[in-house]
Amino acid sequence: LLKQESPELLQLIEDFEVKLMELKDELHPLLEMVKNGTIPQGKGSRYLQTKYHLYLSYCANISFYLVLKSKRIPVHSHPIIERLVTYRNIINDLAVIDQKLSSEVRMLLKNYYDKKETKLRKEKKFAVFLPLDVKKNKPKHVPALANSQATAEEPSDGSDMDEEAALKYYKMMEEKLKLKRKRTEDQDTLEEEAELEGEDPNKKRGVTYQMIKNKGLTPRRKKIDRNPRVKHREKFRRAKIRRKGQVREVRRELHRYDGELSGIRAGVKKSRKLQ
């Protein structure tokens, strides 16, 4: 049904995902390089900016198209379709230039992501793992020298510390639960002992809920069998209903006969055979 109504929808959703990924993973890092000065100002930088804005406009138009579809507004005669076709054609025209620049772009992106990875490794290596209260009071900008000294004194891995902290917390909670259960059990036993001490030895012991519940091997009976009067009344009501189908009720003539109100069914015979 979706393919019949709007065959372009699935293709547009796929395009939307691909273009957003390209914006995030390729064009945004390249524009950062232009700002940093890694890529010099010129035709290449202008081309990257144009392509970035073109992709953003294309994604914005696709999102508007999806909003229209979600509100069940007919889009066949809407100008958004022409706009999307125009953007699609322009992007297809850029494929030739992208193919020429693909090797350079790959090299730039590889250098960018390599630098980013090394930076992350360094940050992870020189990170200081402190307790939560110390981390809260720690200033935002800590000198690099202090970080290096702290790591030299206390080298550790973040993931191991997190696992150890989680394990400690889990054990602590488990012990708390065990103590709580033990306290409740002790309290119940003390209450039972107090009740037993306060009872008169000559007095009969009271019936508990467990005793009432334990009826033994008694058969399960219906609720209606408890009261014979109600049971007979129900039997009489059902018998009256059955009799209506067997014997015709006597109708008194309150006014003159004007024919059958429900009509006469020719196929129904209500006569009796004479023996």
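Because the model is predicted, local features need pLDDT of at least 70 and side-chain atom pairs count only at pLDDT 80 or more, while totals for chains, interfaces and linings use all residues. Residues are numbered from 1 along each chain as its sequence is written, and side-chain values use heavy atoms, with hydrogens and water left out.

The secondary structure of the chain comes to 10 helices and zero strands, where helices (H or I, at least four residues) and strands (E, at least two) are DSSP runs numbered from the N terminus. Of the 275 residues, 14% count as buried, a term that stands for under 20% relative accessible area, with exposed meaning over 50% and partly exposed lying in between, for a 1.4 Å probe and protein chains only. Among the contacts with a separation of 6 or more, 63% come from residues 24 or more positions apart, contact being defined as heavy atoms within 4.5 Å.

Helix 2 and helix 3 pack at an angle of about 150°, with their axes 9 Å apart; the axes are lines fitted to C-alpha atoms, for helices over the stretch in contact, and the angles run from 0 to 180 degrees between N-to-C directions. That angle makes helix 2 roughly antiparallel to helix 3, since angles over 145 degrees count as roughly antiparallel, under 35 as roughly parallel, 65 to 115 as roughly perpendicular and the rest as oblique. The contact of helix 2 with helix 3 has 19 nonpolar, four polar and six charged residues, where Ala, Val, Leu, Ile, Met, Phe, Trp, Tyr, Cys and Pro count as nonpolar, Asp, Glu, Lys and Arg as charged, and the others, Gly among them, as polar.

Helix 3 and helix 4 likewise pack at an angle of about 150°, with their axes 10 Å apart, and this makes helix 3 roughly antiparallel to helix 4. Their contact includes Tyr58, Tyr65 and Leu68 of helix 3 together with Leu84, Tyr87 and Ile91 of helix 4, and its residues divide into 13 nonpolar, two polar and two charged.

Helix 2 (residues 8–36) and helix 4 (residues 79–93) pack at an angle of about 50°, with their axes 13 Å apart, and are therefore oblique to each other. Here Glu8, Gln11, Leu12, Asp15 and Lys19 in helix 2 meet Ile81, Leu84, Arg88 and Ile91 in helix 4, a contact with four nonpolar, one polar and four charged residues.

Leaving aside neighbours within four places in sequence, tyrosine 58 is in contact with Leu12, Asp15, Lys19, Leu84, Tyr87, Arg88 and Ile91.

Leucine 30, in helix 2, is buried, with a relative accessible area of 3%. Not counting residues up to four places away in sequence, leucine 30 touches Ile39, Leu48, Val105, Leu108 and Leu109. The C-alpha atoms of leucine 30 and tyrosine 112, 82 residues apart along the chain, are separated by 8.6 Å.
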